[in-house]
Amino acid sequence: MASFMVFASFTAIAQQATPPVPAPAPLSFAAPKPTAPPPPALPIFKVFQFPADQIPRIDGKDDDWAIVPESYTITLADMHDDQHIHDKPDPKDLDIHVKVGWVKGLNRLYFLYEAYDNYWDFADPGLHNDTFEVIVDGDRSGGPLLPRFRNMIDTTDDWDAHFSMHGVQAQNYHIMTPAEGKDWAMAWGCQPWDKELPWANHAQNYHFRPGESGKYILEFYITPFDYAGCEGPQRAVESELYENKIIGLSWAVIDYDGSPDKKNNGFWNLSPQHTMYGQADYLREFRLMPLEPELRKPIEAHWSFKVVDPKRRMVAFQDESEGKITGWKWDFGDGTESTEQSPVHEYKDGGEYVVVLYIEGPAGKSRFSRIWDVTLR
């Protein structure tokens, strides 16, 4: 009986010490609290496609750019003064017009920079200079391109960061406007080779002296890189440019007016984020446009190929024709044909083949042949 009483006492204590298990809360189907709407998406700017036979000549003149519609022009009205010195652009003080172009098959971005300034400041041999600062991220990989914004700031010192990541995956060109008695640009990073031929070229045109007003024309191209290391161009990887690709691109215009303290008279930025110069995440979106309708040929045959299986002599043909096309006919050069748009063909024998593509459409007919490019064992 005593044992039963002790057991009952412990049972009662345990029941008192153990809190009751609460019932599960009922599911709530109430509408979530409203959150602030995301900021409106910024418009995507356009990069004009030059025809292959009208590539801009880098000579500091704007006549090659006459074919570019005004809808491609970006002005100070599209930018803002980061330092809030000016309420709005004043063309009597500073007026900027920028056009950007590309050519299918070349991994280059072409620029026409036209500017009027009421006071051009470029007498100093150092960094103090009216500036057009261009930042490009060809594959939109984003991330920091300056040591101060690096991710591993606690474990990497500034110089290690400089020589490992500064300007590697996105590039910053600090362009002097005008450049007189000095290099045309500071490639902000550890790879100054990317501002030289064949990766870049420039020409400028002006007729004023320091402190004077006047119009300035700068024409140049640069090559965006997915990887541009300090070791030199031998391991560099150019950004591939193709129609409708979106790239990261922005620029700033730094306007000095000869003030004794060397402070600028405005930092006009195309990006809403001031630190876009060192953070590629903040660059604006630019689309590589197709040819404008008036520059396209009504119909033109063109194609490429790739040997996908050398042992089986299997070749993939890719139609790259232009215009409205209603019919394709391939002559593979071995007595066989195909009416597919982009066929895959297996050759029975090795040899050197003449392959012809015939196309037709409302605008007429066209053909394109390659002579012995398709050569198989």
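Modeller: A helix here is a DSSP run of H or I with at least four residues, and helices are numbered from the N terminus. The model is predicted. With that term in place, one may look just after H2, where Gly167 takes a positive phi of about 80°.

Biologist: Which residues of helix H2 are buried?

Modeller: The general idea is that an α-helix has 3.6 residues a turn, so residues three or four places apart point the same way. In this structure, helix H2 spans residues 158-165, and its buried residues are Ala161, His162 and Met165. These residues lie on the same side of H2, because they cover an arc of only 110° around the axis.

Biologist: Which residues of H2 are exposed on the other side?

Modeller: Trp159 and Phe163 are exposed there. Trp159 also takes part in a contact at the start of H2: its backbone nitrogen has a side-chain oxygen of Asp157 within 3.1 Å.

Biologist: I turn to the strands. How many bridges join E20 to E23?

Modeller: Strand E20 (residues 327-331) and strand E23 (residues 351-361) run antiparallel and are joined by five bridges.

Biologist: In which sense do E23 and E24 pair?

Modeller: E23 pairs with strand E24 (residues 364-376) in the antiparallel sense, over 11 bridges. Gly351 has Leu376 in E24 as its bridge partner. The two strands E23 and E24 form a hairpin, with two residues between them.

Biologist: What is the total count of salt bridges?

Modeller: Side chains of opposite charge can pair when their charged atoms come close. A salt bridge is counted when a side-chain nitrogen of Lys or Arg is within 4 Å of a carboxyl oxygen of Asp or Glu. By this rule the count comes to 16. One of them joins the side chains of Glu70 and Lys99, at 3.5 Å from N to O. Glu70 lies in the loop between E1 and strand E2, and Lys99 in strand E4, so the pair ties together parts that are 29 residues apart in sequence.

Biologist: Where do Glu285 and Arg140 lie in the chain?

Modeller: Their side chains meet in a salt bridge of 2.7 Å, N to O. This pair links distant parts of the chain, with Glu285 in strand E15 and Arg140 in the loop between E6 and H2, 145 residues apart. Glu285 is partly exposed, with a relative accessible area of 27%, and Arg140 counts as partly exposed at 44% relative accessibility.

Biologist: Which residues are linked in a network of salt bridges?

Modeller: Arg57, Asp59, Asp63 and Asp64 form such a network.

Terms used: Residues numbered from 1 in each chain as written. Predicted model: local features only at pLDDT ≥ 70, side-chain atom pairs only at ≥ 80, totals over all residues. Heavy atoms only, no water. Buried < 20%, exposed > 50% of the residue type's maximum accessible area, 1.4 Å probe, protein only. Arc of directions from axis to C-beta. Polar contact = N/O pair within 3.5 Å; in protein donor to acceptor, adjacent residues only side chain to side chain. Pairing = 2+ DSSP bridges.
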